[in-house]
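Hello! Please have the viewer open as you read.

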Amino acid sequence: MHLEFRHLRVLLTVAEAGSIRKAAARLQLSQPATSAQLKRIEHELGGPLFIRSAEGVKPNENGQYVLRCARDLVVGFDRLREHARSAAETDKGTVAPLRAGGTAGPLVSLLISALFELVPESRLTIDARRSVHALVKALSLSKCDIGVFGEFPGFPLPVGESVVTRTLLREPVFVLLAEDHPLARRESVALRELSEEEWVMPEADESGVHAYLHLTCQSAGFSPRIAHVTPDLSVAQILVAGRRAVCGVWPSAAVPAHGTVQRPLVDVPFHRRLQLAWNTRSVPPELAAAVAERLLDAYLQLVRQRPSYLTWWESGGRNFALGPHD
């Protein structure tokens, strides 16, 4: 027997399934045929690759090495095939792939899921950027076709003439507190009650996030003290849990913050507008409308998965989020 590429997939299927019976079902072969084929492959490679037991099969030391090599070869082959097909389609003048991007946290994954449902015949290229300025510039220069981002009131982001934006909803800022913070016992917190706190913030950028915090806090009667700056939320969580700072968080995001709690802010409309933007040269209006509809539906499902956000939403927050946008 000569070892062929399809034999590598058999090995990987057996390892993933953990038993000959389950692997046979996935390969659409009989169990005896799969077992016999596996023995022939092992013989070709010099000896047993799996430890057999009543519980199933498990790769031995040599098998682990062979499987690592097999995975690399399979991944490389798949990439080669994908590249070749893509190049062939380009040569035939096929429609260019839709380029999608975003910076608005979980909304980016919702956008990608919506596009996969709406344009299954098109390949997507994804550019999830940290910089909202870079994303907006890419849209304006026709280097990105459709994207999502957050925009703070009073700090509009300039887009090119061919780019259209649509506000999906207004998303509030919640405050992240240490679980033993005195205000953590409250169901909600007034922004003015944080006047003596130090804040941890992401880096200042073109979105105006620092300036917006200052303006919002000043409307509540104080100037915030930004003592810490980090792009890493996990670092911010450590500072908050240690009672060194407080920070704003988006309630739609899953924030695995041990030792902290999220609380909604009241009295001050501290929020961002979630924007869907698309280039009219490459995205037809009916596709943009369908994406916007699916994004909003998916976002509402996300709200239901966040208990503290759902409570806020059902206590009047829905009207604020989906009401007339400023």
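The points below take up the helix contacts and then the pocket.

1. A word on the basis. This is a predicted model, where local features need pLDDT of at least 70 and side-chain atom pairs count only at pLDDT 80 or more, while totals for chains, interfaces and linings use all residues. Residues are numbered from 1 along each chain as its sequence is written, and side-chain values use heavy atoms, with hydrogens and water left out.

2. Start with α1 (residues 5-17) and α2 (residues 20-27), whose axes come within 8 Å and cross at roughly 130 degrees. Helices (H or I, at least four residues) and strands (E, at least two) are DSSP runs numbered from the N terminus; axes are lines fitted to C-alpha atoms, for helices over the stretch in contact, with angles from 0 to 180 degrees between N-to-C directions. The two helices are therefore oblique to each other, on a scale where under 35 degrees is roughly parallel, over 145 roughly antiparallel, 65 to 115 roughly perpendicular and the rest oblique.

3. V10, T13, V14, E16 and A17 of α1 make the contact with I20, K22, A23, R26 and L27 of α2, contact meaning heavy atoms within 4.5 Å. These residues divide into six nonpolar, one polar and three charged (Ala, Val, Leu, Ile, Met, Phe, Trp, Tyr, Cys and Pro count as nonpolar, Asp, Glu, Lys and Arg as charged, and the others, Gly among them, as polar).

4. Helix α1 also meets α3 (residues 31-44): their axes come within 11 Å and cross at roughly 115 degrees, so α1 and α3 are roughly perpendicular. This crossing is left-handed. On the α1 side are R6, H7, V10, L11 and V14, facing Q37, L38 and I41 of α3.

5. Further along, α5 (residues 106-118) and α9 (residues 285-304) have axes that come within 9 Å and cross at roughly 130 degrees. That makes α5 oblique to α9. Their contact residues comprise 14 nonpolar, no polar and two charged.

6. Which residues lie nearest the centre of the largest pocket? They are T103, P202, P231, W250 and R272, out of 38 lining residues. The pocket holds about 1,100 Å³ of space (the space filled by probe spheres set on grid points joined across faces, edges and corners). On a 1 Å grid over the protein atoms alone, a pocket is an open set of points where a 1.4 Å probe fits, with protein on both sides within 12 Å along at least five of seven lines; lining residues have an atom within 4 Å of a point.

Definitions and conventions: A crossing is left-handed if the near helix is turned anticlockwise from the far one by less than a right angle, and right-handed if clockwise.
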